[in-house]
Amino acid sequence: MKLKVIIEQNSKGHYSAYIDDENINFGILGEGKSVEATIEDFKIGVEEMRETYQILGREFPDVEFNFMYDTSSFLSSYSQIMSLAGMSRLTGINQGLLSHYVTGRKKPRKETVDKICTSVHTFGKLLCQLELI
């Protein structure tokens, strides 16, 4: 079973990760000051849940996790690697507007989220084809 895990950033710049699936009967939460720390904390929570199930004599489901970002978390986390100016050139979205998304002052429309995602995926595919000599 593959479960969607949402990574979100709060107003203080910290992150949380939680399972977004109503069909399971357990919850796991990860928190941290970075996306990496949050995912690591989430994985610790998974192991603790496995141990709890074992103590209760229950079988923990065979699950995989698909980590998904909200737009603010993605832009904030990856702005350490790619500037908002670069992201603006990549997506065609005004840098000031991207900054508003990072800080949470504005929330992007679905079309804008799709545009960011498509632009980043296209760029990622180009990077995967890259060969250096």
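Me: What makes F123, L126, L127, L130 and L132 a nonpolar patch on the surface?

Reply: In this predicted model, the five residues share about 530 Å² of accessible area (Shrake-Rupley method, 1.4 Å probe, with only the protein chains shown counting as cover for residues). A patch takes residues with over 30% relative accessible area and no salt bridge, joining nonpolar side chains (Val, Leu, Ile, Met, Phe, Trp, Tyr) within 5 Å and like charges within 9 Å.

Me: What do the numbering and the confidence limits rest on?

Reply: Residues are numbered from 1 along each chain as its sequence is written, and side-chain values use heavy atoms, with hydrogens and water left out. As the model is predicted, local features need pLDDT of at least 70 and side-chain atom pairs count only at pLDDT 80 or more, while totals for chains, interfaces and linings use all residues.

Me: Why is the pairing of K110 with D114 called a salt bridge?

Reply: The term requires a side-chain nitrogen of Lys or Arg within 4 Å of a carboxyl oxygen of Asp or Glu. The closest N and O atoms of K110 and D114 are 2.9 Å apart, so the pair qualifies. The two residues are four residues apart in helix α5, which means that about one helical turn separates them. K110 is exposed at 57%, whereas D114 is partly exposed at 33%.

Me: How do you know that D20 and K4 meet in a salt bridge?

Reply: Their N to O distance is 3.6 Å, which is within the limit and therefore meets the definition. This pair links distant parts of the chain, 16 residues apart: D20 belongs to the loop between β2 (15-19) and β3 (29-32), and K4 to strand β1 (residues 2-9). D20, at 38% relative accessible area, is partly exposed; K4, at 34%, is partly exposed too.

Me: How many salt bridges does this rule give?

Reply: The count comes to four. One of them joins E111 and R109, whose closest N and O atoms are 3.5 Å apart; both residues are exposed.

Me: Why does T38 count as buried?

Reply: Its relative accessibility is 0%, so the value falls under the buried limit. T38 lies in helix α1 (residues 35-55). Apart from neighbours within four places in sequence, T38 is in contact (heavy atoms within 4.5 Å) with Y15, S16, A17, G30, E31 and G32.

Me: What describes the packing of helix α3 and helix α4?

Reply: Two packed helices are described by the angle and the distance between their axes. The axes of α3 (residues 84-91) and α4 (residues 95-103) come within 9 Å and cross at roughly 115°; axes are lines fitted to C-alpha atoms, for helices over the stretch in contact, with angles from 0 to 180 degrees between N-to-C directions. L84, A85, M87, S88 and T91 of α3 make the contact with Q95, L98, S99 and V102 of α4. Within α3, the residues L84, G86, M87, S88 and T91 are buried.

Notes:
Buried means under 20% relative accessible area, exposed over 50%, partly exposed in between (1.4 Å probe, protein chains only).
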